[in-house]
Amino acid sequence: MFVATKVSQDPAVVRFEPSKRWGARILRTLRRARITWAAGRKSNVAPLGHSMISDDRSVYSSEPWYQCPQADLIHFHWVASFMDYGAFFRLLPKPTPIVWTLHDMNPFTGGCHYDTGCGRFAERCGVCPQLGSQKQNDLSRQIWQRKRKAFQLLAPARLHIITPSKWLGEQLCQSSLLSRFPCSVIPNGLDTEVFQPRNRDVMREALGISIHAKVVLFVSDGANDPRKGFKFLSSALEDSESQSEIVLLSLGQGKPLEFSRFRHVHVQTIQDDRLLSFIYSCADLFVAPSLQDNLPNTVLESMACGTPVVGFRTGGIPEAIHDGKTGLLAAAGNVEDLRRAILELLGHDQRRAEMAQTCRRLVLEEYRLETQASRYLNVYRELVGKAGE
């Protein structure tokens, strides 16, 4: 693994080390200033609730390429702000095949990670609603143009794209940038020995939550990210008639608003997966109210721990939530429908217990790490075999 940030002591993980030479440091400063200036000049004040915009350029330019370990195949994951598209694809040796796992829409848009339904990535971007732009040649159009120039350096047979959800694969097929490349759907896998049902009372006692409470769990890296839909969940619970029994347990960076009509317990981000499995297991229900999402790992982790899920019928979420079997689906953005689904499951203990068993069984059948690895190996062998012909 070749990474921008290393968090483990694994010797097989190589961290990129930016050059400390004065010349290289000055060039990085100038590139950072140019990218920042372009972002400020080409966009207006973005609308409330906009998502992150990532440029195709990197302050490192070609530096990472010269430290990248030699390989017969290169597999990209999340490379925003680390890999400079133009520099990397220009220097890439022609025989080297690439696998690219997309974790969001960013590689084929003009900078956004989710388009929130605008659909402009299917053409050339521009007039970007997330930039608050009314200009055709705004920052999103310029990023799109640079990406097109970089991708034109690749023959279709050299790049194989992986999407964790069918939904993201369908979006890719509409892309004006990447639709010409082959694509496979390989869902993310889980360590099912770590993410497994635990004694729910252990974490409830640690958090001071009654064993008789109905615990609704919300998990997000950014609890205040509007796309993750926390406001829809909070509105659904605020207006329900049985708030006294409900405890909302949230996990993630930043603390959402407090509520007066039901108890709210918030836990900051947890890095230990085993501890996280106790969080999932202590809940009666996990809610994924995202307005647009790939197949979220949080949904799969909850299911692996035997906790049914309620979510909006959007993005890749319905691919894991089999309506009526592993949870319930609600119309996207519809607070009343979300409330209906939550209260329906909270009010039927036996049904939740049956769903818990189905959740665990589905994860063991479809989302184990070994299953994911086997599918990737098949792609690797095919690409390396073609490159050697």
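Biologist: What do the buried residues of α7 pack against?

Modeller: They pack against β7, β8, β9, β10, β11 and α10 (335-346), where contact means heavy atoms within 4.5 Å. The model is predicted: local features need pLDDT of at least 70, side-chain atom pairs count only at pLDDT 80 or more, and totals for chains, interfaces and linings use all residues. Residues are numbered from 1 along each chain as its sequence is written, and side-chain values use heavy atoms, with hydrogens and water left out.

Biologist: Which residues in α7 are buried?

Modeller: They are Phe-230, Phe-232, Leu-233, Ser-234, Ala-236 and Leu-237. Buried means under 20% relative accessible area, exposed means over 50%, and partly exposed is in between (1.4 Å probe, protein chains only).

Biologist: What makes β9 and β12 edge strands?

Modeller: The open sheet has six strands in the order β9-β8-β7-β10-β11-β12, with parallel pairing. β9 (263-267) and β12 (327-330) each pair on one side only, so they are the edges, given that two strands pair if DSSP finds at least two bridges between them. On average, neighbouring strands of this sheet are turned by 20° against each other, direction ignored.

Biologist: How many bridges join β7 to β8?

Modeller: Seven bridges join β7 (residues 214-222) to β8 (residues 246-253). The requirement is at least two, so β7 and β8 count as paired. Within this pair, Val-216 stands opposite Leu-248 in β8.

Biologist: Which angle does helix α7 make with β8?

Modeller: The direction of α7 (residues 230-238) makes about 165° with that of β8. Axes are lines fitted to C-alpha atoms, for helices over the stretch in contact, and angles run from 0 to 180 degrees between N-to-C directions. Helix α9 (residues 297-304) lies across β7, β10 and β11 and runs at about 170° to β10.

Biologist: Why is the contact between Arg-146 and Asp-55 called a salt bridge?

Modeller: The term requires a side-chain nitrogen of Lys or Arg within 4 Å of a carboxyl oxygen of Asp or Glu. The closest N and O atoms of Arg-146 and Asp-55 are 3.3 Å apart, so the pair qualifies.

Biologist: Is Asp-55 buried or exposed?

Modeller: Its relative accessible area is 12%, so Asp-55 is buried. Arg-146, at 24%, is partly exposed.

Biologist: Where do Glu-382 and Lys-386 lie?

Modeller: Both lie in helix α12 (residues 369-387), four residues apart, about one turn of the helix. An α-helix has 3.6 residues a turn, so residues three or four places apart point the same way. The side chains of Glu-382 and Lys-386 meet in a salt bridge (3.3 Å, N to O). Glu-382 has a relative accessible area of 43% and is therefore partly exposed, and Lys-386, at 47%, also counts as partly exposed.

Biologist: How many salt bridges does a search of the whole structure find?

Modeller: The search finds 20. Another network of names to look up is Arg-200, Asp-201, Arg-204, Lys-214, Asp-284, Asp-349 and Arg-352, which are linked by salt bridges.
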